[in-house]
Amino acid sequence: MGGATIFPTTWAAVITVAAMAAGVAEGGIGVNWGTLASHPLKPSIVVNLLKDNGIKKVKLFDSDPWTVSSLAGSKIETIIGIPNDRLKKFAESYNEAKNWVKENVTVHMYDGGVDIRYVSVGNEAFLTAYNGSFVNVTFPAMQNVQKALDEAGHSKKIKVTTALNADVYEAKSNLPSDGQFRPDIYSIMKEIVRFLDRHDAPFMVNIYPFLSLYQNPNFPIDYAFFGGSGQANNDNGKSYTNVFDANYDTLIWSLKKVGFPNLKIVIGEVGWPTDANVFANVTLAKRFYDGLFEKLASGEGTPMRPKESFEVYLFGLLDENAKSVLPGFFERHWGIFQFDGKPKFPMDLSGKGNDKMLVAAKGVQYMERKWCVLRQTLKNLEPTAKEVDYACGYSDCTALTAGGSCSQLDRRGRISYAFNIYFQIQDQNVEACVFDGTAEIVTKNATVGNCLFPIQIVSAGERLKAAAAAAAAMVGLVLSLFVLGL
């Protein structure tokens, strides 16, 4: 990415360097409920969280029965997903799709069951980063799932789509009217769009103004937000003051050029992260969401579709500390709620500007009030380097990175943060607070200013922990190689 800086290559080095240097629309708003966390909240708690805050739509990334079944009787409109690693099987075998529909859709279709509205076949499967791995299997998989839904009698209510990243289309001039689908996927995109139109299904796209700002050091910051403060760009008499509208209309032009200018669009993901980058903080996140909610409430669409009524899914609901950090360390901080279901900042989903804290998750149980920190009497900090790398490699130290909420801690504070986050993820096991004799357990809250030293929650996700541990080991290797260099 542009504007790269030379950064240290281990977590211990990060700590040392930083110490030296010493943020009624409701009907159309849903949320993405991701579960890539070491200690996920119980699904029943999350469903009540959605209901308490009047959120009537939710998008899932798989069809895990533990999660999906918790939505039964809630009347929450639900999107279920098929992960990319299953697309090949679905493309090659109709029976695979047929069995999946029986076990993951039909089973929930009863009076008082789950209100499934869409199946997203794949998630951002055409990302350029995937080098075409899923290009030839996504559409055949969609066709087989559609056939299975038809046969099961569900296709009038449940529509098949695929959540796509906005990189499936482009505009060389950066003007929406130049928008068109990428040349390498043009033919397949034309087929998919025709399929969506034939089955009355929406084009689902993920739009991230934050990434425009993150990836381009010359991107005008005001253009990432709503409210008209960005410098206007003129495109054949249509004025654009924010990148969301410009991106959306680039898609509309792309659809128009393949013959489907009026195809319904659903925003599958849109949001702003709150940590682990200079632009990822509560202040900017609140500015973005305030503008988004006001836009949704106003009934104003985009220059190409001025009366558009948006269906939008915020990304995301909760922070996820086991997500890959390859796109950026902020990836674990997209939630409008913290990992334990506490709201991060005031907002008004109705877009009327009556900001207040959302209702927090109820029934959350925490572990004991104790923290693992650097031993107070330790003077020589050099031996802690390898311990810090180990702790961060198997936990989540992203808040310590440049621009993060804990980046201003001194060296001792950063070491303590690393030790504690590992200790908490290891369920406060006393053996997880040894670190070759450099650490100790304390009962005084170790939180420093805005840098939260969390206490872990009691989770029903034990069955996920083995997988999370394996993923953490890989993340640890990645971080050792690329810390702050992405």
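Helix H11 passes helix H12 in a left-handed crossing, a term for a near helix turned anticlockwise from the far one by less than a right angle. The model is predicted, and local features need pLDDT of at least 70, side-chain atom pairs count only at pLDDT 80 or more, and totals for chains, interfaces and linings use all residues. Residues are numbered from 1 along each chain as its sequence is written, and side-chain values use heavy atoms, without hydrogens and water.

The axes of H11 (residues 385-393) and H12 (residues 411-425) come within 8 Å and cross at roughly 45°. Axes are lines fitted to C-alpha atoms, for helices over the stretch in contact, with angles from 0 to 180 degrees between N-to-C directions. Helices (H or I, at least four residues) and strands (E, at least two) are DSSP runs numbered from the N terminus. In contact (heavy atoms within 4.5 Å), Glu387, Val388, Tyr390, Ala391 and Cys392 of H11 meet Ile415, Ala418, Phe419 and Tyr422 of H12.

Eight strands close into a barrel with parallel pairing, in the order S1-S2-S3-S4-S5-S8-S11-S12. Two strands pair if DSSP finds at least two bridges between them.

| Strand pair | Bridges | Bridge partners |
|---|---|---|
| S4 (residues 116-123) and S5 | four bridges | tyrosine 118 and lysine 159 |
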